[in-house]
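Please read it beside the sequence and the structure shown here.

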Amino acid sequence: MSKEEPPPEVKDAFIKYTGGTSANMTAEQLRSFLIEFQGDQTASLADAQRIVEHVLQRRHHVISKLTRHTLTLDDFYYYLFSMDLNPPVSDQVHQDMRAPLSHYYIYTSHNTYLTGNQLSSDSSDVPIINALKSGVRVVELDLWPNSEQDDIDVLHGRTLTTPVEFVRCLKSIKENAFIASPYPVIITLEDHLTPDLQAKAAENIKETFGDMLFFPEAEYLQEFPSPEELKYRIIISTKPPKEYLRSKNVKGETSFSDDETDDDDGVDTSESESTESDDSDYESYATGVSEYKRLIAIHAGKPKGGLKEALKVGAAKVRRLSLSEKAVKKATKSHGMDVIRFTQTNMLRIYPKGTRVNSSNYKPQTAWLHGAQMVAFNMQGHGRSLSLMRGMFRSNGGCGYVKKPDFLLTVDPHGKVFDPNANLPVKKTMKVKIYMGVGWNLDFERSHFHLYSPPDFYTRIGIAGAPADEIIKKTDIKEETWSPVWNKEFSFPLTIPELALLRIEVYSYNISDKNVFGGQNCLPVPEVKPGIHAVPLFDRKGSKYSSVKLLMRFEFS
């Protein structure tokens with residue numbers, strides 16, 4: 001705990017609910033504080049009693065239930081600054097999970113099997129396990145024939161990445177799929193297999209997952225099932241084999257390939273130069289892949305004919321479309337409302353452009369604002385974009401599915417959908433006060449920030465979201481202290497609060513060199529609880545520090 005005094009507002013709240021600083025706070029008084037000051041209308045007396053017991057056990061090792069338990073001012077301050085007892089965001093699933101999958105943002109990874117860069121890193125099941133344990137619900141595997149052409153490898157094709165066996169990846173998915181969340185895991189396959197290996201892939205998938213596998217009743221779904229219906233199920237999404245192209249390569253050998261590769265143009269508008277196969281060839285081809293085709297619950301593809309054609313909404317079947325980050329920029333500029341209409345019933349997956357060979361990521365806001373469900377990120381990288389992604393999926397208990405705002409799912413009486421380019425009025429104002437921070441002296445070496453003196457901390461705080469809402473502000477620099485006290489309030493007017501993320505980054509100022517990173521967090525604004533809360537900070541890779549935290553207050557009007 002900080003040796004600093006509790007902030008004046010903490011003392012004032014304690015006095016208000018107890019009658020004086022020398023008085024003690026009862027569970028009844030704490031409950032009143034939780035309801036009135038913290039805005040927790042569901043707080044019960046039992047909840048308040050539990051908090052009192054936890055604090056007394058931790059601070060005073062009191063375990064007796066015979067005496068009347070109360071909190072001193074220091075106990076009350078301890079509670080407010082406890083990351084587990086008083087977090088800013090709930091860890092419970094609380095949204096309606098009975099809507100079709102297309103109504104949710106889904107935590108999605110890109111080339112999930114890669115341990116590092118896109119060109120020469122190892123392929124492994126370890127990053128797949130890590131992604132699933134962190135709550136990711138969409139795993140991508142690139143399938144290629146192995147060197148003997150008799151089995152299936154997972155690797156980033158036409159690069160120097162080393163392979164990992166397909167079966168090993170499947171087993172790791174099965175063992176780790178539902179540790180972080182009970183909601184469905186979707187496996188997107190980018191497949192470069194011959195028909196006999198597609199048949200083998202189908203066998204591998206069925207043998208590994210058995211009853212966990214979701215088989216669609218009809219060839220095409222007219223509406224996606226809900227996350228609730230699909231709890232503990234595995235879903236396969238790829239391009240149906242009948243749309244694969246059979247072509248002659250330069251040497252005259254026959255090859256089968258999927259034209260849904262992660263190219264930069266997104267939609268394939270060129271005509272294929274493939275030759276058609278004769279009937280007998282096609283028959284054996286069809287036999288080899290019928291089982292594989294039956295496994296596909298979410299049909300993917302890139303219809304030819306340009307964006308307008310690709311975004312057409314068909315009444316008979318729902319599907320998944322993939323666009324690169326470059327293509328989605330173009331699409332949202334020229335066909336923004338068509339994109340939103342498409343994503344009301346269909347799936348849209350966005351993937352990083354091919355030049356991101358270092359496994360960096362892009363800003364996800366534009367894709368989310370247009371209803372794209374699967375914004376695929378390189379989870380093995382790190383940086384601000386990935387911290388925004390992690391922030392978004394702290395929503396809804398971290399279950400990997402976040403309900404899209406109603407305005408992206410509705411059509412007005414005139415048949416119009418939400419216009420993301422319209423000038424919107426301020427809908428909500430978020431006030432944020434940063435009181436103080438503690439814990440760096442416990443989690444960092446004495447000389448980490450400055451060789452011979454304590455750190456000079458400041459906080460950058462701002463909003464990532466709709467273009468009109470984006471802003472970054474800063475606190476003052478607090479010189480030479482491990483426990484900075486800022487007591488600084490900021491106000492953020494929001495036109496689309498539903499998609500706003502609160503970004504928090506702490507640095508130590510360095511006059512002669514680069515400022516030194518001291519932790520970050522990203523909170524989904526709709527999920528932030530009003531009142532005073534302990535906000536944990538994370539390192540650049542997204543791991544939570546043991547002790548570093550900020551005491552902050554949030555208000556909404």
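In this predicted model, strand β10 (residues 320-324) runs parallel to β11, and five bridges join the two strands. One of these bridges can be located by residue: Met-347 in β11 is the partner of Arg-320. Between the two strands the chain passes through helix α10 (residues 325-343), and this β-α-β crossover is right-handed.

β11 has a further partner, strand β12 (residues 374-375), again in the parallel sense, over two bridges. Here Arg-349 has Met-374 of β12 as its bridge partner.

How many of the five residues of β11 are buried? Five of the five residues in this strand (residues 347-351) are buried, so β11 is largely enclosed by the rest of the structure. In a regular strand, side chains alternate between the two faces of the sheet. On one side of β11 lie Met-347, Arg-349 and Tyr-351, on the other Leu-348 and Ile-350, and both faces are covered.

**Nonpolar core**

The largest nonpolar core has 41 residues, and the members that touch the most others are Leu-323 and Met-389. At least two core residues come from each of α9 (307-310), β10, α10, β11, α11 (365-369) and α12 (384-392). Which element gives the largest share of this core? That is α10, with six residues.

**Aromatic pairs and charges over rings**

A search of the whole structure gives 19 aromatic pairs. A pair of aromatic rings is described by the distance of the centres and the angle of the planes.

Tyr-507 belongs to strand β18 (residues 501-508) and Phe-517 to strand β19 (residues 516-524), ten residues apart. Both Tyr-507 and Phe-517 are buried.

One aromatic cluster is formed by Trp-440, Phe-444, Phe-449, Phe-457, Trp-482 and Tyr-545.

Charged side chains also lie over aromatic faces. Lys-317 is placed over the face of Tyr-220, 4.1 Å from the ring centre. Arg-394 lies over the face of Phe-538, at 4.4 Å from the ring centre.

**Helix α5**

Helix α5 (residues 126-133) has Pro-127, Ile-128, Ile-129, Ala-131 and Leu-132 as its buried residues. An α-helix has 3.6 residues a turn, so residues three or four places apart point the same way. What do the buried residues of α5 pack against? Their packing partners are β2 (138-145), α6 and β5. Just after α5 comes Gly-135, with a positive phi of about 105 degrees.

Key: Residues are numbered from 1 along each chain as its sequence is written. This is a predicted model: local features need pLDDT of at least 70, side-chain atom pairs count only at pLDDT 80 or more; totals for chains, interfaces and linings use all residues. Side-chain values use heavy atoms; hydrogens and water are left out. Buried means under 20% relative accessible area, exposed over 50%, partly exposed in between (1.4 Å probe, protein chains only). Helices (H or I, at least four residues) and strands (E, at least two) are DSSP runs, numbered from the N terminus. Two strands pair if DSSP finds at least two bridges between them. A crossover is right-handed if, with the strands pointing away from the viewer, the path from the first strand over the helix to the second runs clockwise. A nonpolar core is a set of buried Ala, Val, Leu, Ile, Met, Phe, Trp, Tyr and Cys residues joined through side-chain atoms within 4.5 Å. Rings of Phe, Tyr and Trp (its six-membered ring) pair if their centres lie within 6.5 Å; planes under 30 degrees apart count as stacked, over 60 as edge-to-face and the rest as tilted. A charge sits over a ring if NZ of Lys or CZ of Arg is within 6 Å of the ring centre and within 35 degrees of the ring normal. Contact means heavy atoms within 4.5 Å.
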